[in-house]
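Subject: Structure handover

Hello,

Here is the structure we talked about. Please have a look, then read the notes below.

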Amino acid sequence: MYEKLKELLNNSYSPYYNFPVSAIVVTKDGKEFYGVNVENANGTSICAERHAIGSAIAAGYKKGDFDKIYIMLSNGEFGTPCFACRQVLLEFFNKDDKIISVDKDGNEKEYTLNELCPFPFNLEK
Ligand SMILES: [Zn+2]
């Protein structure tokens, strides 16, 4: 996954902040969906995580079909999803699904969605 994430960084469109991010969502049936951050001039950019999840949704995957998501930042450090992405993760991932951050050396830090979002905004009862 490390090599794929690293190569994906090259596809990021980030001329404004110059901070490429890549993400790969893995579904329970083993499919992978790629995402990179795509910026634009007015700031309504899309993050790599939401991009990857959206690609899976477009392919027909639904809540509960996801297993994990890998993330890599171009600065080589560990990172976690922004709060907009966390809310989208809450929409489609289960509480125990993994968010895995990969650093420049291929080391991994693993979180569950519940660890990153202990008090989710949730319209369901
Ligand atoms: Zn985000």
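First, a term: two strands pair if DSSP finds at least two bridges between them. Please keep in mind that this is a predicted model.

**The pair β1 and β2**
Strand β1 covers residues 21-27. β1 pairs with β2 in the antiparallel sense, over five bridges. Within this pair, Ile24 stands opposite Tyr34 of β2.

**The sheet**
β1 and β2 belong to an open sheet of five strands. The order is β2-β1-β3-β4-β5, and the pairing is mixed. Which strands stand at the edges? They are β2 (32-36) and β5 (108-112). Each has a single partner strand, so one side of each is left without a neighbour in the sheet. On average, neighbouring strands are turned by 20° against each other, direction ignored.

**The helix across it**
Helix α2 is made of residues 48-58.

Lys63 sits in the loop between α2 and β3.

Leaving aside neighbours within four places in sequence, Lys63 is in contact with Glu91 and Phe92. Phe93 is 30 residues away from Lys63 along the chain, yet their C-alpha atoms are separated by 6.1 Å.

Best regards

Terms used
Residues numbered from 1 in each chain as written. Predicted model: local features only at pLDDT ≥ 70, side-chain atom pairs only at ≥ 80, totals over all residues. Helix = DSSP H or I, 4+ residues; strand = E, 2+ residues; numbered from the N terminus. Axes fitted to C-alpha atoms, helices over the stretch in contact; angles between N-to-C directions. Contact = placed C-beta atoms within 7 Å.
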